[in-house]
Protein chains: 2
Amino acid sequence: MRSQTTSRPRSWLDRPGLLLTDLYQLNMLQAYLEQGMTAPAAFEFFVRRLPAERNFLVAAGLEQVLEFLLTARFDAIELEWLAKTGRFSADFLSYLEGFEFRGDVDAMAEGTAFFADEPILRLVAPLPVAQLLETRLLNLLHFQTVIASKAARMVLAAGGKRLIDFGLRRAHGAEAGLLAARASYLAGFAGTATTPANLYWGIPIFGTMAHSFIQAHDDEVEAFRNFARARPEGLVLLIDTYDTERGAERVVRLAPDLSAAGIRIFGVRLDSGDLGQHARTVRRILDAGGLSEVSILVSGGLDEHEIGRLVGSGAPIDGFGIGTSLTTSSDAPALDCAYKLQEYAGRPRRKRSEGKATWPGRKQVYRRYDGAGRLAADLLTLDEDAEAEGAPLLRPVVRGGRALGATPALAKVRAHCARELARLPERLKALGEGADYPVEVSRPLVALRDKLDSEERGHA
Amino acid sequence: MRSQTTSRPRSWLDRPGLLLTDLYQLNMLQAYLEQGMTAPAAFEFFVRRLPAERNFLVAAGLEQVLEFLLTARFDAIELEWLAKTGRFSADFLSYLEGFEFRGDVDAMAEGTAFFADEPILRLVAPLPVAQLLETRLLNLLHFQTVIASKAARMVLAAGGKRLIDFGLRRAHGAEAGLLAARASYLAGFAGTATTPANLYWGIPIFGTMAHSFIQAHDDEVEAFRNFARARPEGLVLLIDTYDTERGAERVVRLAPDLSAAGIRIFGVRLDSGDLGQHARTVRRILDAGGLSEVSILVSGGLDEHEIGRLVGSGAPIDGFGIGTSLTTSSDAPALDCAYKLQEYAGRPRRKRSEGKATWPGRKQVYRRYDGAGRLAADLLTLDEDAEAEGAPLLRPVVRGGRALGATPALAKVRAHCARELARLPERLKALGEGADYPVEVSRPLVALRDKLDSEERGHA
């Protein structure tokens, strides 16, 4: 046991150690070690099928996966608990105490567009190491990829209008709220209301006001005035608590007083009703009142379809606050993803389960572009395929447990993602279903699959 | 500033402090304090509308909300960050440093069935305190309620068969995975594969084996044998990596060897294909091979409808491993819930926004049962309504910042939830849409709403 002690019991809220895994990983590890099966294993993360309304996905979460891999340990309380269960041998516990990842990782850059069957991460390490890391690696890479992929659709639908993440309250816990702020910013959101996202990642934060602030006052105008005095910068007033148009008129009547006090109204927010219709009326009221500089922000149950409709209708909306549909990716809260063993001890491996068969071996993805610089087709092939042309999308990021170079700054990742979205063919940018993108499987890869299948048949 | 220091920078993985909130809460707080608006405020958490496929919801997450409320503080790094932003006054920062919840909470017991518009938690505290706690309180109470409500449907569909949570890998982050294990156990699952759920809450944990274990071996039988030797207790073999029926035959051939070594096969797991059909064939193979005691567990993209169909078809399945559809509540990953100001400074408040109007005042829910002890109807009324009959569902749990009595053990909560499910009318237990349950709004509550509306109209 390590000597580390703590003054309070380990809580579900504390930084999770390696015990945050599926029990079967520990069961399998003990068996691997007993059998001396510690040769190098290559696992790959990929998505089997895209959800109905996803024409592409956006890789995200690599930074958090690397943080996890490079610091993954069991802590003292976890080791103590493992010993107490009586499920594991002393040898095995001592192995777990010394557990460390010293393997290799190749991955697509965060913000890269990708498609079904394409690995976005390959991890190579002794089999027990690579196996134990599976659950949390999936948990981290899957979630941010889900959110970045959803956010990218909203960014495309918004046509340049500002998007802000308002979704912490209905995100699935604290970590989901935080990582959704990161993943949506990466995909092109302007920022988030989730305050610590600025502390952790320097993401711009935005805040307006809530209905409760208005309701706590006896008078809406008094509420506007008090909020303006306390928060003069970037002032946004919420005007739909009682009646949206009347709220806008009250803003117009209040503006001269505020202006005299040196306070400029940045915007108003609408959170209910027919947002397009209200935006038009409110715009007219504000303009007639000399407030044509005041922005209109809308929020309230919006998704990419609603954003697209509002933008397409020409409604005078300057920005969107997006909550639940973003941070839960409500139409597709999960991807059919996997982290699968593709090679062990130098031999390619293949899972053949019905509907879940995998492409064996260490793989690479090559992308071709058309004359206009748009994505044209991908090639899925073996990493060793010397004849493949184009730039490989999976690049080395960790060797022997050490990161190769610094993690790219989030601003760079965000710029890369913006370039990726710009390079998508129009049919993939559309919100509708069913746009296809060609991912060709190389001849050597097909040949390898056929060879492994015939070996297994022969073996039966 | 507090003197507390840390040796490494604050990370998104660390125990979140009170900074985990929407920026607008801090903006509003500063305004409330500048205006001296610190009178008591009553906020209530409720769900506006049930998702299409929810005939009832299950309250969950109160234990974590109370942990949060009773320990909610800003930590040193957060306070330092707040000061550095330059957004807040020195007075306000010093208020935040001393922030503490010393208010009152009334709530429905975890595991209680509830319906639209019914508050499941009421918090009373000085307005700035009650306001600041909103975001994280919603984040915690919403998520477990989402999961417990989804899990309850699976429990009803499974008709007594064993359900196990396999969903950590696709849950939305670490906290979501952990809390989903708790919420699903509370609702009647037998346990989880998420290992630390046992360390934190004593929840039974289960683990089988993965396809990678089979694939890492050159031979499926050798893989079964090695796993059995290492994990002789509760041994479950995964038999669909190459061919399910052949896998079952291999188990039969291996069984005598294992039996000679004192190892009993507890079960086999099927994870692909037509699970009902495979279960029948596998059952015949196992029975014919003298393994009628061996259980059949199934997994792979199952939801409550699939569970219901498999159970209804009489397929010889003994247990279900449920992943993504449970831990993301895939058909309804969020509820239309709110935490709304209902009273401030002794005066009831009402939000009137279109489609989002609230029932004002401090409220209570009374439940009536029919002769068979089944839920008959609820009454939503004012807490002060002396004429309401029946037992109130909201009970005092915190007074003056102190918990009234110990948090009920999870086993007790689970038993309460089982009783609640048993007391549901059959139409609510069904998986279909649209079963209605009467929630009557009392006359005093309707009168209060009308009074507030006419006051606001008069005021305009």
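This is a predicted model: local features need pLDDT of at least 70, side-chain atom pairs count only at pLDDT 80 or more; totals for chains, interfaces and linings use all residues.

Residues are numbered from 1 along each chain as its sequence is written, with chains lettered from A and ligands numbered from 1 in the order in which they are written.

So, how do the two chains relate?

Chain B puts in 88 residues and chain A puts in 88 residues. On chain B, the elements giving two or more residues include H1 (23-34), H6 (134-158), H10 (220-230) and strand E12 (336-344). Helices here are DSSP runs of H or I with at least four residues, strands are E runs of at least two, and both are numbered from the N terminus. The largest share on chain B's side, 8 residues, comes from H1(B). By class, that side has 40 nonpolar, 28 polar and 20 charged residues. Nonpolar is Ala, Val, Leu, Ile, Met, Phe, Trp, Tyr, Cys and Pro; charged is Asp, Glu, Lys and Arg; the others, Gly among them, are polar. And 100% of chain B's interface residues are also interface residues in chain A, so the copies meet through the same surface.

Zoom in on one piece of that. H10(A) packs against H1(B) at about 105°, with the axes 9 Å apart. Axes are lines fitted to C-alpha atoms, for helices over the stretch in contact, and angles run from 0 to 180 degrees between N-to-C directions. These two helices are therefore roughly perpendicular, a label that covers 65 to 115 degrees. Which residues meet? From H10(A) you've got A:Asn226, A:Phe227, A:Arg229 and A:Ala230, against B:Gln30, B:Ala31 and B:Glu34 in H1(B).

On to the domains in chain A. Domain 1 is 23-147 + 332-459 and domain 2 is 159-327, with bounds from an automatic or database domain assignment. Their centres, taken over C-alpha atoms, are 39 Å apart. Where they touch, 15 residues of domain 1 contact 17 residues of domain 2. On the domain 1 side, H6 (134-158) and H15 (410-422) of chain A each give two or more residues, and H15(A) has the largest share with 6.

Last, sheets. Chain A has an open one of 7 strands, ordered E13-E12-E1-E5-E3-E17-E18, with antiparallel pairing; to pair, two strands need at least two bridges by DSSP. E13 (347-348) and E18 (402-403) are the edge strands, pairing on one side only. Inside that sheet, E3(A) and E5(A) pair over 4 bridges, and A:Val105 has A:Leu123 as its bridge partner. H6(A) packs on the sheet, touching E1, E5 and E12, at about 135° to E12(A). H2(A) lies across E3, E17 and E18, at about 25° to E17(A).

Conventions. Two residues are in contact if their C-beta atoms, placed from the backbone, lie within 7 Å. Angles under 35 degrees count as roughly parallel, over 145 as roughly antiparallel, 65 to 115 as roughly perpendicular and the rest as oblique.
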